[in-house]
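Work through the exercises below with the structure open beside you. Try each task before reading its solution.

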Amino acid sequence: MHITASTISLTVDKVAESATFFTTHLGFNQRMAADGFASLGRDDAAVDIVLLRRGTEVLPEGFRDEHAAGVIVAFTVTDLAAHERKLRAAGVPITMPLREEPWGERLFQVTDPSGITVQFVEWATPGPEQQEA
């Protein structure tokens, strides 16, 4: 298998509002959109995001009324504190303030208009993906 791209698909109630949140505050570009659908991407992100309106027929029948819950979309970034200040100044609700975990992970979280938790991470010490094998 050769994976050429990665996408996370999230079922939400507010597709347009979530798309605006990701494009305005997180630098994503809207690549495609239709009624109840938006595809978002960034050239420097390892994952694209697809937003689907809850209840849409594209979803399997048993999942149409499900909502993206318990999912955290996490991005590892540089200059974490500057990103937190910028989002706070823009009025984005910071739902978990900037903190550092004992294992060296620095993080904060925001929540988009549909309730998607977005976490930003920076490693104070080399994280698992940064350690040499």
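**Exercise 1. Find the residue opposite Glu105 in S8, then trace the hairpins around strand S7.**

Solution. 
- Step 1. Glu105 faces Trp123 of S8. Strands here are DSSP runs of E with at least two residues, helices are runs of H or I with at least four, and both are numbered from the N terminus.
- Step 2. Zoom out to the strands. S7 and S8 (residues 117-123) pair antiparallel, with 7 bridges. Two strands count as paired if DSSP finds at least two bridges between them.
- Step 3. Look at the link. The S7-S8 hairpin has 5 residues between its strands, and Gly115 there has a positive phi near 90 degrees.
- Step 4. Turn to S6 (residues 94-100). S6 pairs with S7 in the antiparallel sense over 4 bridges. Ile94 has Val110 of S7 as its bridge partner.
- Step 5. The S6-S7 hairpin leaves 4 residues between the strands. Gly104 in that turn takes a positive phi of about 100 degrees.
- Step 6. Check the cover on S7 (residues 105-111). Of its 7 residues, 5 are buried. Buried means under 20% relative accessible area, exposed means over 50%, and partly exposed lies in between (1.4 Å probe, protein chains only).

A note on the model and its numbering. This is a predicted model, in which local features need pLDDT of at least 70 and side-chain atom pairs count only at pLDDT 80 or more, while totals for chains, interfaces and linings use all residues. Residues are numbered from 1 along each chain as its sequence is written, and side-chain values use heavy atoms, with hydrogens and water left out.

**Exercise 2. Which order do the strands of the sheet containing S5 take?**

Solution. 
- Step 1. The order is S5-S8-S7-S6. The sheet is open, has 4 strands and shows mixed pairing.
- Step 2. Find the edges. S5 (72-76) and S6 are the edge strands, each pairing on one side only.
- Step 3. Neighbouring strands are turned by 15 degrees against each other on average, direction ignored. Axes are lines fitted to C-alpha atoms, for helices over the stretch in contact, and angles run from 0 to 180 degrees between N-to-C directions.
- Step 4. Identify the parallel pair. S5 and S8 run parallel and share 5 bridges. Ala74 is bridged to Gln119 in S8.
- Step 5. A contact means heavy atoms within 4.5 Å.
- Step 6. H2 (residues 80-89) lies across S6, S7 and S8, at about 20 degrees to S7.

**Exercise 3. Which residues of H1 are buried, and which are exposed?**

Solution. 
- Step 1. Set the limits. H1 covers residues 15-26, which is 12 residues. From first C-alpha to last, H1 reaches 16 Å, close to the 16 Å expected at 1.5 Å a residue. That expected span is 1.5 Å times one less than the number of residues.
- Step 2. List the covered positions. Val15, Ser18, Ala19, Phe21, Phe22 and Leu26 are buried.
- Step 3. Look down the axis. The buried residues fall within an arc of 155 degrees, so they line one face of H1. The arc is taken over the directions from the helix axis to the C-beta atoms.
- Step 4. Check the other side. Ala16 and Thr24 are exposed there.
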